[in-house]
Amino acid sequence: MRYLHYVLASLALALLSGQSWAQPGVDAAPGSYVEGEVVIALEGVHARAELEQAATDSGLALHQLYPDSGLGLLHAPADMPLEDALALAAELPGVRIAQPNCIYRIPMGRKVAGPRPPEAAARFTPNDPDFGRQWHMAMVGAEAAWDAERGEPSVVIAVVDTGVAYRDGGGFAQMEDLAGVSFVAGRDFIDDDATPDDQNGHGTHVTGTIAQATNNSLGVTGLAHHCSIMPVRALGGDGTGTTLTVARAVEWAVENGADVVNLSLGAAFAGQVELDILKEAAEAGAVLVGASGNSGSDSVDFPASSPYVIGVGAVQVDRTRASYSSYGPGLDLVAPGGNIDLDQDSDGSSDGVYQNTFFVDQGDSVTDTGKYYYVEGTSQATPHVSAAAALLLSHGLTGSPPWQAVRTVLRESADDLGPAGDDPQYGAGLLRVDRALDQMGTARTYSVSGRVTLGGSGLSGVTVTAGLVSDTTDSVGNYSLTGLAPGEHTVQPSKIGLRFIPASRTLDLSADRTNVDFQATMSLTADLTAGLHMVSVPVDPDPAFESAEAIFGAGSTALYAYDPATSAYSAVSGEPTPGQGYFIRIPDSRTASVQGSVPGGTSVRRSLVRGYNLLGSLRTSTPMRLTDLTFDDGGTSLTYAEAVAAGAVQPYGWVYDSAADGYRLMHPDLAGAVEQIPPWGALFLEALQPIDVLIPASEGSSVSSRTVARGYALRLDVEGASCALARISGRTQALLAPAPPGAEAGVTLRALSATEDRFDLEVAPTEERRGDPVVVRVEGMEHLPRHLTAQLTVKETGRAVSLRRQSWIELPALDGARTLVVRVMPRTLSLSLTIHAAATARGVATVEYRVSAPATVSAVVLNQAGRVVARIGGGIVSPGVHQLSWAGRSDGGTSLPAGDYRIELRADSEAGETARATARVHWQGGR
């Protein structure tokens, strides 16, 4: 069996099983787990050294690690509360489950020694001399059953218990009446070896009921005596085990070929590890049978309470529930368990279940091979059911899953006890093996098939289950579930991101084949922040989601569609259309949700008119790129690249960035441009002529396929008005996007011209903002090729900034139009500063200097004592020769005396380089 690491929902299991189960550590009562121990289940394979170190760092100690099952055991300090240890363990690398190490025990039953069997006398099959003391065999119809089936050695029953006295050697001896029984290799999970010898006696007694040697003129009988026994020791000599020993034992048994697993043991508390193991064992085809417990309460012990285990209670000779037998949800049926205080059959012997074993708590030795005991308990009832399951499988019972087929036949053939029908005291009733085998002659298996559709088309990849039987829909949406046992089944489809109509269908199978169809509908969500958004709704909404408020929540505006003919927006009152893009304003952060179906076919056709068209993605889980669009030009099919080359559409689109409150250019491979839009996304695409676009409805790859960038895109924003400064395929362009709905830009922005290395734009205030300061920002410099730099200049004032050092510039008191110049130029990475000339004339000292790269230049004036007497304001300059001048005044405006002065210049490049130069001038003094 593969370890699937499948985690069941705890609440669902608790409801299904009636089990005393809780989140690990929350309700575990002292005594139900081993103090100071935490069991961990790992996701995947992890190096012991790494896990050991992480545990040590957390104050825990890794005691055991079992890579074969992905389980481990941690020890916690004595003063550490269980809750704290579980929390620390859950944070270790690779740990998917951390839970207490639950304690499993033999249900406490009573026993009494019986007489040694007399010498065999001539009698009919079976000839075992003490068969007459086995009232319990007659109660389940053993003799009639043996006429039909006595078992096949190929059917293996694992007895997960205290071990079995199955061999001679190592200080142990085989029970005399187990000679001739077929044993397969077992395992000891207490001592971790290959010799699961019984050091208690309980497992041997249980094994006798299943397969004691029969018709051998010795002792007593076993119900499935021709089947094979796999001894698996999970409980020690004291009759107790833990999560680790029991879980590993069940997993190993099934992986090594056990068809039936007998679990005459129980725990008051169980964790997720055990739940996972039982589910995986049942999925692998094993039939699991467990004892309900001997507390006499209305709560069935775990694992019998699990939905994947056939839970067995006990009755005494008069077919009434034994007072010790636990009952309630999870109980499937009852079998003979006995009562050693009674002799209801008046045979002069105790009414216990009679088998060949020893018991160390009765003073026996593990080599006492000839003793026989009457024992009472649900541990003794359970092997009757395990043997019955093995006989059914030997007799050819089919059905998927096997445990459900066996469970159905055993329940339907049981003698109804107590109130009519299923009841908490007896489940479906008393085990009758003979009737179960008879019923097999008429037992049938059933099939359920059908089709799953989405938007009228068959949907592939949907998992459809009925219990543990599953199938995945093919390319046209068909599925088929075969080999189902008779009875009630719930058929349920599932696929991430989808809902189904109906969600499931419960059937009581009585026909050979039943057809059940399902219609899929998308269930989608999207997280949105407050602000303006450009969105799509990628499905045809169900009736409950036909308005913006139903999808995007209360307080959101209507959806606004764009009309290219008028460049105007209008509110949409009806349901959104797949393939259409919209604007919407969201008042706060929230999750939008919609349910619906994708349109039929693989794409949606939209007719584009000349101008900007607002398109919406149909993708529900992967992004969409411009190159995913195809076009139809009068019957000619075009790819995106072909449509661009034909002059039908622009080679770019626009997406609205809600966080930046402005547009960004969209392009498949342009540095600084948006490459793709997410699910629920939309874009503006400018058509240069009427043409049809086909928007794909199928999911595409989310892996970027960016090629070498063919240019760059910067974003210039002025008080809400924005444009892209782009170089696409060698052409420099200043591109303006449509204004969003309700735009309140404080300025108008107009592109004047664009040359190979320069963009000229005009910005002017609106009447409402005239005279206010305005900030101009340029973003995306990190996407500009490294060998280039850019400079922003206000033409009217000459003020400039290097955009690699500062991304903004302020225009104070904007009262008229200003021209913004963005120059893109080669970037010199080695800065030099040299003096060309220095002279004084007409009361002004002038210094002429050269810089080799764009830089910020400043200067100070020093007197003969080396004291700074004046500072000369600098600014951003481009590579080349420039001048600065000094009029002989101090920073305070005082005229300085005549004499020699030094002017020290400093240049700082955007690359972080600094260069200095000094010029000497003679100042004649002021007038």
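**Exercise 1.** At what angle do helix α9 and α10 pack, and how far apart are their axes?

*Solution.* The model is predicted: local features need pLDDT of at least 70, side-chain atom pairs count only at pLDDT 80 or more, and totals for chains, interfaces and linings use all residues. Residues are numbered from 1 along each chain as its sequence is written, and side-chain values use heavy atoms, without hydrogens and water.

Step 1. Helix α9 covers residues 378-394. Its angle to α10 is about 110°, and the axes lie 10 Å apart. Axes are lines fitted to C-alpha atoms, for helices over the stretch in contact, and angles run from 0 to 180 degrees between N-to-C directions.

Step 2. The pair is therefore roughly perpendicular (65 to 115 degrees).

Step 3. Val 385, Ala 388, Ala 389, Leu 392 and Leu 393 of α9 make the contact with Val 406, Val 409 and Leu 410 of α10 (heavy atoms within 4.5 Å).

**Exercise 2.** Is Gln 355 buried or exposed? Which side chain does its own side chain touch in a polar contact?

*Solution.* Step 1. Gln 355 sits in strand β15, residues 353-356 (strands are DSSP runs of E, at least two residues).

Step 2. Gln 355 is buried because its relative accessibility is 0% (buried is under 20% relative accessible area, exposed over 50%, with a 1.4 Å probe and protein chains only).

Step 3. The partner is the side chain of Thr 209, at 3.4 Å (a polar contact pairs N or O atoms within 3.5 Å; within protein, one must be able to donate a hydrogen and the other to accept it, and residues adjacent in sequence count only if both atoms are side-chain atoms).

Conventions. Helix = DSSP H or I, 4+ residues; strand = E, 2+ residues; numbered from the N terminus. Parallel < 35°, antiparallel > 145°, perpendicular 65-115°, else oblique.
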